[in-house]
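Dear colleague,

I am handing over a structure to you with this email, and I would be glad if you kept it open while you read. My notes on what was found follow directly below.

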Amino acid sequence: MTAARVLGVGRTTAYRLAREGTFPVPLKRVGRNYRVVVARLAEFLGLDEEPRG
C-alpha cells in the first residue's frame, strides 16, 4: 500500500493491477502478499539518478 500511495494509486486499483501483472513496478509475491522492490520503485520515480548541478 505504501508504493500505491507514492504512485497515487488507490488500494483497489493497486491490487487489481498487481493481479493483472500491470503494476507500474515489478512486484514479488510472498505468500498472499505483494512486495515492492524499493530500488525498482526509486528507479521508476527517477530517484536513483545523480543530482545535476
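The chain has three helices and two strands, where helices (H or I, at least four residues) and strands (E, at least two) are DSSP runs, numbered from the N terminus. Read from the N terminus on, these elements follow the order α-α-β-β-α. Please keep in mind that this is a predicted model, in which local features need pLDDT of at least 70 and side-chain atom pairs count only at pLDDT 80 or more, while totals for chains, interfaces and linings use all residues. Residues are numbered from 1 along each chain as its sequence is written, and side-chain values use heavy atoms, with hydrogens and water left out.

As for the chain as a whole, its C-alpha trace spans about 45 × 20 × 15 Å along the principal axes. Of its 53 residues, 17% are buried; here buried means under 20% relative accessible area, exposed means over 50%, and partly exposed lies in between (1.4 Å probe, protein chains only). The chain exposes about 4400 Å², and carbon and sulfur atoms supply 50% of that area; accessible areas come from the Shrake-Rupley method with a 1.4 Å probe, and for residues only the protein chains shown count as cover. If you look at contacts (heavy atoms within 4.5 Å) between residues at least 6 apart in sequence, 16% of them join residues at least 24 apart.

The two strands deserve a careful look. Strand 1 (residues 27–30) pairs with strand 2 in the antiparallel sense over four bridges, and two strands are said to pair if DSSP finds at least two bridges between them. Together, strand 1 and strand 2 form a hairpin with two residues between them, and Gly31 in the turn has a positive phi of about 65 degrees. Among the bridges, Leu27 has Val36 in strand 2 as its partner, and Arg29 has Tyr34 in strand 2 as its partner.

Leu27, which lies in strand 1, is partly exposed, because its relative accessible area is 26%. When its neighbours within four places in sequence are left aside, Leu27 is in contact with Ala18, Tyr34, Arg35 and Val36. From Leu27 to Thr13, which is 14 residues away along the chain, the C-alpha atoms are separated by 15 Å. In strand 2 you will also find Asn33, which counts as partly exposed because its relative accessibility is 41%.

Arg19 lies in helix 2 and counts as exposed, because its relative accessibility is 61%. Arg19 and Tyr34 are 15 residues apart in sequence and, C-alpha to C-alpha, 9.7 Å apart in space. Glu20 is found in helix 2 and counts as partly exposed, because its relative accessibility is 47%. Glu20 and Val37 are 17 residues apart in sequence, and their C-alpha atoms are 18 Å apart.

Where do the residues that line the largest pocket come from? Helix 1 (2–7), helix 2 (11–20) and strand 2 (33–36) each supply at least two residues of the lining, and the largest share, four residues, comes from strand 2. The lining has 14 residues, of which Met1, Tyr15, Tyr34, Arg35 and Val36 lie nearest the centre of the pocket. These lining residues divide into ten nonpolar, two polar and two charged, where Ala, Val, Leu, Ile, Met, Phe, Trp, Tyr, Cys and Pro count as nonpolar, Asp, Glu, Lys and Arg as charged, and the others, Gly among them, as polar. A pocket is an open set of points on a 1 Å grid over the protein atoms alone, where a 1.4 Å probe fits, with protein on both sides within 12 Å along at least five of seven lines, and lining residues have an atom within 4 Å of a point.

With best wishes
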